[in-house]
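Please read this report with the sequence and the 3D structure at hand. It goes through selected strands, helices and residues in turn.

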Amino acid sequence: MSIDIPGLQPALLEQLQGKLKLPAYDPSATGIGIVHIGPGAFFRAHQAWYTDLALKYGGDWGISVVSMRSNDLAKALTPQQGLYSLVLLDKKTEYQVVGSIRELLVAAEQYEQVLQRLAAPTSFYVTLTITEKGYCLNTLGELDLTHADIQHDLETNVKARSAIGLLVQALALRYAANVPPFVVLSCDNLTDNGHKLRHALLTFARQKQPALANWLEQQLLCPCTMVDSITPATDEELPKQLAAELGYQDNWPIKREKFCQWVIEDILPANRPAWHQVGVTYTQDVKAFEKAKLRLLNAPHSALAYLGSLCALETVFDAMQQLALRKFVQKLAQDEIIGSFHAPAELNPAEYSTDIFQRFDNPAIRHLLAQIAWDGSQKLPMRVFPIILDNLATGRSIKLLSLVVASWLLFIRLRYQQQPDTALVDPFAAPLLDCAAACTGNADTDTALFLALRQVFPPALQQSDAFKAELTTAYQQLCPLLLLPKGTDVAAFLQDLVE
């Protein structure tokens, strides 16, 4: 890149006025009130972005970013004084500079500084994006006391290896100094994340310091949250794009789809950033939002993934360009999903569903069907089976939902035909591929083979005559897709799905 192109710096912002959206406040004059652990691209595209917008309304809510081990982000953004570019991908690309990050620390290199930042009375909130494995939970969703990092942190008082150990160590310093606990928000896609995080922190504290645990039991707030926005990885073209479009260099820009959602359990103290003024939803029922997302976003996603793959399509956008597939998922949502659950008061399910399909129709987001199709044995029991069971209980239709399940079974068969041994990314790949190997094309016997898998199908579905009948019919209807020559126009065939 040309050395004549200036790097992103606070002094450059004035020159960028009118070219893109800039912070509506003075980042250098903003104090730190939030510590974030696990600063990946999603955090920068999501929580840091919301906070950047909220800072327009005042408050010392700058963010101290803490990476447990990697110093890559600190090296990239410290010379830029925390500034970075966000590219919003939609039919029209938008650019903005985010200024909410005020400090970047690496726990492995600056541990005492991290502890002091967490212990500071001015650090009111800690947010986390450490992925599910970062919480060190067992299969029951409880803290795994046998985890090597947890054992290390329990046995020593030196540098914590786990985020749980680090947080409890910092909370102990606040307890000793008579400073109230910070509020801790998990922003990971972990069901019931706030409750699981609080339980993990209390479990660790009880092992380490019972008096601290008693104090936390009374005072610690860990709201549940739900987050949503597609954030593709930054590629080497993105900095070049910024340089060409706007004439400056950014060491580590990021991109995401324009849609963004953050739902927080309404238990935060009054002293909080103005998140509510910039689109964050507060609710008493985060679980209802999680259910809405699973049913109205994830279930149609899976439908597109399996039906689209059977039609040799590559991305969600490609699938949405097939009019019959578009109509199918819209009808699926309208006829069999909306109405299968009670939406939270703050959500209009019809409008939410419309927003989701607009996201699916974003040409700038390359979301691979193959990736969505991974781990079907884990996803369908969460995304589709509960809707079928609820609809069976209330006498609602399950015809289209059964087509989704049938498309998954045929997707497994297709993968087996293409690569018998390494075809499937799924924890139950072996028994699923064994079923595929035994399939003959007879809908009754083939569906019975799959339905017998107790690891996948719950007893209520295995024993439901209504579901068996619908699944068999759907399977038979879709079977010809396995026989269509490559390159066949499938539009006419797919049209039958929505009749």
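Which residues does R161 touch, not counting residues up to four places away in sequence? They are M68, R69, D149, H152 and D153, where contact means heavy atoms within 4.5 Å.

## Basis of the report

This is a predicted model, in which local features need pLDDT of at least 70, side-chain atom pairs count only at pLDDT 80 or more, and totals for chains, interfaces and linings use all residues. Residues are numbered from 1 along each chain as its sequence is written, and side-chain values use heavy atoms, with hydrogens and water left out.

Helices (H or I, at least four residues) and strands (E, at least two) are DSSP runs, numbered from the N terminus. Buried means under 20% relative accessible area, exposed means over 50%, and partly exposed is in between (1.4 Å probe, protein chains only).

## The loop between α5 and α6

R161 sits in the loop between α5 (148–155) and α6 (163–176). With a relative accessible area of 42%, R161 is partly exposed. From R161 to A148 there are 13 residues in sequence and 9.2 Å in space, C-alpha to C-alpha.

K159 is also placed in the loop between α5 and α6. Its relative accessibility is 45%, so K159 counts as partly exposed. Leaving aside neighbours within four places in sequence, K159 is in contact with A108, Y111, H152 and D153. K159 and T51 are 108 residues apart in sequence, and their C-alpha atoms are 29 Å apart in space.

Strands of a sheet pair through backbone hydrogen bonds, either parallel or antiparallel. Here, five strands form an open sheet in the order β5-β2-β1-β6-β7, and the pairing is parallel. At its edges are β5 (101–106) and β7 (183–186), each of which pairs on one side only. From one strand to the next, the twist averages 20°. Two strands are said to pair if DSSP finds at least two bridges between them.

Within this sheet, strand β1 (residues 32–37) pairs with strand β6 (residues 125–128) in the parallel sense over four bridges. Opposite I37 stands L128 in β6. Helix α4 (residues 111–119) lies across β1, β2 (62–67), β5 and β6, and runs at about 135° to β5. For such angles, axes are lines fitted to C-alpha atoms, for helices over the stretch in contact, and angles run from 0 to 180 degrees between N-to-C directions.

Strand β8 (residues 225–228) pairs with β10 in the antiparallel sense over four bridges. Q261 in β10 is the bridge partner of D228. β10 also pairs with strand β11 (residues 281–283), in the parallel sense and over three bridges. There, T281 in β11 is the bridge partner of V263.

## Helices

The axes of α6 and helix α8 (residues 210–219) come within 10 Å and cross at roughly 85°. That makes α6 roughly perpendicular to α8, a term for angles of 65 to 115 degrees. V168, L171, A172, R174 and Y175 in α6 meet A211, L212, W215 and L216 in α8.

Helix α21 (residues 465–478) has 14 residues. Its first and last C-alpha atoms are 20 Å apart, close to the 20 Å expected at 1.5 Å a residue; the expected span is 1.5 Å times one less than the number of residues. F467, L471, T472, A474, Y475 and L478 are the buried residues of α21.

T51 is in helix α2 (residues 47–54). Its relative accessibility is 1%, so T51 counts as buried. Not counting residues up to four places away in sequence, T51 touches I34, W61, I63, S100 and W275.

P23 lies in the segment before β1. At 13% relative accessibility, P23 counts as buried. Not counting residues up to four places away in sequence, P23 touches D52, V97, V98 and G99.

How values were computed. Parallel < 35°, antiparallel > 145°, perpendicular 65-115°, else oblique.
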